[in-house]
Structure formats: C-alpha cells, structure tokens
Amino acid sequence: MGTYGSIDVKPLAGSMGAEIGGVDLSKPLANEQVADIHQAFHDHLMIYFRNQTLSPKAQVGLSQHFGKPAIYPFLKGLDGFPEVNALIKTEDDTKAFGGTWHSDTSYKERPDLGTLLYAVEVPPAGGDTLFTNAYQAYETLSAGMQEMLSDLIGVFNSDKLYAGGRAAQVTKLGEMGKAVIATEVFEAEHPIVRTHSETGRKALYISRAHTLRFKDMTVEESTPLINYLSDHIVRPEHQCRLRWEPGTLAVWDNRCTQHHALNDYQGQRRHMHRVTIEGDRPV
Ligand code: SIN
C-alpha cells in the first residue's frame with residue numbers, strides 16, 4: 001500500500017475499494033494528486049469520489065489521466081462526446097445494463113483497461129454496483145489449481161449470454177436501446193491467469209458472462225471449470241459494494257476486478273455517464 005500526501009484514502013472493505021477525499025475533480029489536478037490517485041487505484045482497484053460536479057467534457061478530460069478514452073462498440077455516445085455513454089434505466093424499463101458479473105469488453109483483443117462511471121441520477125435506495133477482487137481470487141486458489149490454469153487460454157465472446165446477439169439484447173434495454181449502433185460479434189482469446197501490465201500481479205480473468213470455452217476444448221468440456229472459477233471470483237470475501245449518490249465518480253481497473261450492476265430498483269430511474277479507457281492485449 002502506498003502513502004498519500006495529497007489525498008485522503010478511506011478503504012471501503014477488506015478486499016478492495018476506497019473512497020478518495022480532498023480532491024475537486026472539476027479543477028485541474030496537481031501532479032502529486034495524479035500520482036497519488038494512480039497509487040490508490042493500484043492499491044484499492046476501485047476508487048470513488050463523492051460530491052463531484054463533472055460535465056461530460058470534464059469526465060473525458062479526467063479519463064485521460066488513465067489512458068486514451070475508448071469508443072464502446074455497441075452504443076452511440078453523447079452528441080459531441082462519443083466516448084461518453086449514457087447508461088439510463090427509466091421508470092418503465094425492466095432490464096439493466098451490466099447486470100451480470102463481468103470485466104468490461106473482455107471479448108475485445110485489447111479489452112478496456114479501466115472504467116470511469118459517474119452518477120447523474122440514482123434511486124434513493126438500490127442500483128448499487130458490486131465489485132470483486134480478481135487478484136485475491138487467484139491468490140486463494142490452491143497451488144495445484146494455479147499450476148493447472150497457468151497455460152489455459154479462454155475464448156471470450158460478446159454474445160455468450162445473449163440468444164439473438166448482444167446488440168439485440170441491448171435493444172431490449174428500453175430507453176438505452178435507442179442508442180444501439182453495432183450488431184457485430186466480438187471474440188478474442190486471452191490467458192485465464194492475467195498478469196497486470198503495471199503491477200505485475202496475477203489475476204483470474206474469466207467470467208460466466210463472456211468466457212465461452214477454453215481454447216482447443218469444447219463448450220461442454222469447459223463449462224464446469226468456467227462455472228467453478230466464476231463462482232470462486234465472486235465469493236463474498238473478495239467483494240465490496242458501492243452505494244451511489246448523485247455526483248459520485250468511481251474508477252475501476254478491469255484488469256484485476258469484475259463488477260455487477262444490481263437491478264433492484266424497478267419503477268425508478270438511474271442515469272450514469274460511462275467512459276472506458278483503451279487497454280492492452282492481456283498476457
Ligand atoms: C457497467 O457494467 O459498466 C455498468 C455498471 C453500473 O451501471 O453500475
């Protein structure tokens with residue numbers, strides 16, 4: 001864990017997550033603040049800031065401290081800000097975006113490195129996001145299982161959960177469905193044990209949502225182990241839970257975490273702005 005001279009860092013749970021205080025993200029950040037925020041990001045994997053006022057332009061500017069903002073292939077971004085997706089569930093919508101455990105865009109050759117999610121409007125209760133620590137998941141496997149996984153390659157597919165395709169599924173999201181722009185299917189091969197490009201630590205990189213099978217194996221052969229490891233990643237002791245307030249910004253690392261947007265606020269509105277950061281090829 002690092003020490004922080006320019007920000008306050010309050011851990012959220014034993015496994016991961018931290019609230020960052022003492023920063024106004026709408027103002028230019030000092031170099032020391034940027035360095036401390038990066039250190040906290042690596043130490044806590046998901047960091048969040050309360051009571052921020054962030055325009056789409058400011059959110060894109062902030063995201064550039066983490067890398068190059070990515071364009072999400074399935075949804076049109078905001079006018080003038082193609083990197084910013086509005087994630088909206090209205091009072092009339094029943095399905096929610098991101099309502100399964102996953103790491104963002106793991107089906108791309110270069111999955112997004114991280115995500116910045118800003119709460120514009122949230123229900124008075126419900127709509128929390130769960131996160132899980134995939135380093136800890138790897139480190140708590142037996143030495144035998146770690147060894148067995150060391151050379152295993154997963155085939156990640158954007159349509160795995162969606163009969164009729166992911167784009168068709170997103171279309172069913174009601175208000176958000178109007179922003180669908182692609183019907184492409186993405187598929188990529190990645191190691192199941194992923195070495196983080198900056199920290200050098202190993203994390204388990206597999207999910208029920210996107211890992212279709214292991215390379216050179218059938219779906220039937222692969223599914224029992226995919227399910228076992230997907231359950232192991234999300235054991236309660238690896239998790240933390242973020243309760244949103246309007247003005248909360250969270251930043252998470254997709255290389256070593258997964259998240260799940262809870263859909264427990266039927267009949268109420270939730271409106272978020274999401275920017276993801278281009279990543280590298282997992283190794
Ligand atoms: C996502 O999966 O990126 C969205 C998470 C959320 O809305 O809480």
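How many disulfides does the count come to by the rule used here, which takes a disulfide as a pair of cysteine sulfur atoms within 2.5 Å? The count is zero. Take C240: the nearest cysteine sulfur, that of C256, is 12 Å away. Seen from C256, that distance to C240 is too far for a bond. Both cysteines are tucked away, C240 with a relative accessible area of 4% and C256 at 0%. Buried here means under 20% relative accessible area, with exposed over 50% and partly exposed in between (1.4 Å probe, protein chains only).

A quick word on the ground rules. This is a predicted model, so local features need pLDDT of at least 70 and side-chain atom pairs count only at pLDDT 80 or more, while totals for chains, interfaces and linings use all residues. Residues are numbered from 1 along each chain as its sequence is written, and side-chain values use heavy atoms, leaving out hydrogens and water.

Now for the rings. Rings of Phe, Tyr and Trp (its six-membered ring) pair if their centres lie within 6.5 Å; planes under 30 degrees apart are stacked, over 60 edge-to-face, and the rest tilted. That rule gives eight aromatic pairs. One of them is F41 with F66: the centres are 5.2 Å apart and the planes at 70 degrees, so call it edge-to-face. F41 sits in helix α1 (residues 31-44) and F66 in the loop between α2 (56-63) and β4 (85-89), so the pair ties together parts 25 residues apart in sequence. F41 is buried at 2% relative accessibility, and F66 is buried too, at 13%.

F74 and Y107 also meet edge-to-face, with centres 6.0 Å apart and planes at 70 degrees. Here the loop between α2 and β4 is tied to the loop between β4 and β5 (114-121), parts 33 residues apart in sequence. R274 lies over the face of Y72, 4.7 Å from the ring centre. Elsewhere, the charged end of K89 sits over the ring of Y265, 4.3 Å from its centre. For such a charge, NZ of Lys or CZ of Arg must be within 6 Å of the ring centre and within 35 degrees of the ring normal.

Finally, look at helix α6 (residues 219-233). Helices (H or I, at least four residues) and strands (E, at least two) are DSSP runs, numbered from the N terminus. Its buried residues include S222, L225, I226 and L229.

Methods:
A disulfide is a pair of cysteine sulfur atoms within 2.5 Å.
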